[in-house]
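Me: I'd like to learn how to read a model like this one feature at a time. Could you walk me through it?

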Amino acid sequence: MFRLVLNIMGLLWLLLLFPALAHSHGVEGVVAPGGLVATANYQGGEPMSYAKVTVTPPESEKPFQVGRSDKNGRFAFAPDKPGKWHLVFNDEMGHRLDLEVQVDEKGLIGQQTPSSSGSTNLGTKAFFGVGLFMFIASVFLWWQAKKLALKRRLS
């Protein structure tokens, strides 16, 4: 019995002296170079804060990473292979920015080209269409009124 108590106490001392032995697993982390940071801004210079970002690797339809930009419109990712990477920033209010980034074997950016940017909001397009229709209709009505006024003067 005395031997069992000594064994238990010895084990407890070992666990106190070496806390790593008490855990079944731990975690470690490093900050490694090789990441890319993309930034999205509105035309006035205001950042696209907290926009949804989807990163698609070369020759794939499946997203590599999905997340949100920070308050400054920045999003970081670390590509794992060379090729043309596709990033889509979407503020979910009608603005969307598509970027293509060429990455070489060393993880360096070769070129960066925006595919499209600006507002693709259906409401904005509808407002523009209605405005254009109203302008054409008002010019037509003005012309008809002018024609009628000229006709009355001549009679």
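Me: Let's start with charges. Which side chain does E100 meet in a salt bridge?

Reply: This is a predicted model, so keep that in mind throughout. For a salt bridge, you look for a side-chain nitrogen of Lys or Arg within 4 Å of a carboxyl oxygen of Asp or Glu. Here E100 meets K84, at 3.9 Å from N to O. The pair links distant parts of the chain, with E100 in strand β6 and K84 in strand β5, 16 residues apart.

Me: Is E100 buried or exposed, or something in between?

Reply: The reading goes by relative accessible area: under 20% is buried, over 50% is exposed, and the rest is partly exposed. E100 comes out at 25%, so it is partly exposed. K84 falls in that class because its value is 44%.

Me: How many salt bridges are there by this rule?

Reply: The count is 4. Another one of them joins D70 and R74, at 3.1 Å from N to O. D70 has 26% relative accessibility, so it counts as partly exposed, and R74, at 38%, is partly exposed too.

Me: What about D98, which residue does its side chain contact?

Reply: The side chain of R96, in a polar contact of 3.2 Å. R96 and D98 also form a salt bridge, with their closest N and O atoms 3.2 Å apart. D98 sits in strand β6, residues 96-103.

Me: Why does D98 count as buried?

Reply: Because its relative accessibility is 9%, and the cut-off for buried is under 20%. R96, with 36%, is partly exposed.

Me: Now the sheet. Which strands does β2 pair with, and in what sense?

Reply: To read pairing, follow the bridges from strand to strand. β2 (residues 52-56) pairs with β3 (residues 65-68) in the antiparallel sense over 4 bridges. β2 also runs antiparallel to β5 (residues 83-90), joined by 5 bridges. K52 shows both pairings: R68 stands opposite in β3, and the bridge partner of K52 in β5 is N90.

Me: And where do side chains point in a strand?

Reply: As a general idea, side chains in a regular strand alternate between the two faces of the sheet.

Me: Which residues have a positive phi without being glycine?

Reply: Two to look at are Y50, with a phi of about 55°, and E59, with a phi of about 55°. Check where they sit: Y50 is in the loop between β1 (36-39) and β2, while E59 is in the loop between β2 and β3. Y50 counts as exposed because its relative accessibility is 52%. E59 has 86%, so it is exposed as well.

Me: Which residues make the nonpolar surface patch?

Reply: F128, L132, F135, I136 and V139, with about 520 Å² between them. Take F135 as the example: it lies in helix α3, residues 122-154. With 53% relative accessibility, F135 is over the 50% cut-off, so it counts as exposed.

Me: Last one: where is confidence lowest and where is it highest?

Reply: Start with the overall score and then go element by element. The chain averages a pLDDT of 78, and 68% of the residues score at least 70. Helix α2 (residues 19-22) has the lowest confidence, at a mean of 49, whereas β3 has the highest, at 96.

Technical notes: Residues are numbered from 1 along each chain as its sequence is written. This is a predicted model: local features need pLDDT of at least 70, side-chain atom pairs count only at pLDDT 80 or more; totals for chains, interfaces and linings use all residues. Side-chain values use heavy atoms; hydrogens and water are left out. Two strands pair if DSSP finds at least two bridges between them. Helices (H or I, at least four residues) and strands (E, at least two) are DSSP runs, numbered from the N terminus. Patches are made of residues with over 30% relative accessible area and no salt bridge: like charges are joined within 9 Å, nonpolar side chains (Val, Leu, Ile, Met, Phe, Trp, Tyr) within 5 Å. Accessible areas come from the Shrake-Rupley method with a 1.4 Å probe; for residues, only the protein chains shown count as cover. Buried means under 20% relative accessible area, exposed over 50%, partly exposed in between (1.4 Å probe, protein chains only). pLDDT is the predictor's confidence in each residue, from 0 to 100. A polar contact is a pair of N or O atoms within 3.5 Å; within protein, one must be able to donate a hydrogen and the other to accept it, and residues adjacent in sequence count only if both atoms are side-chain atoms.
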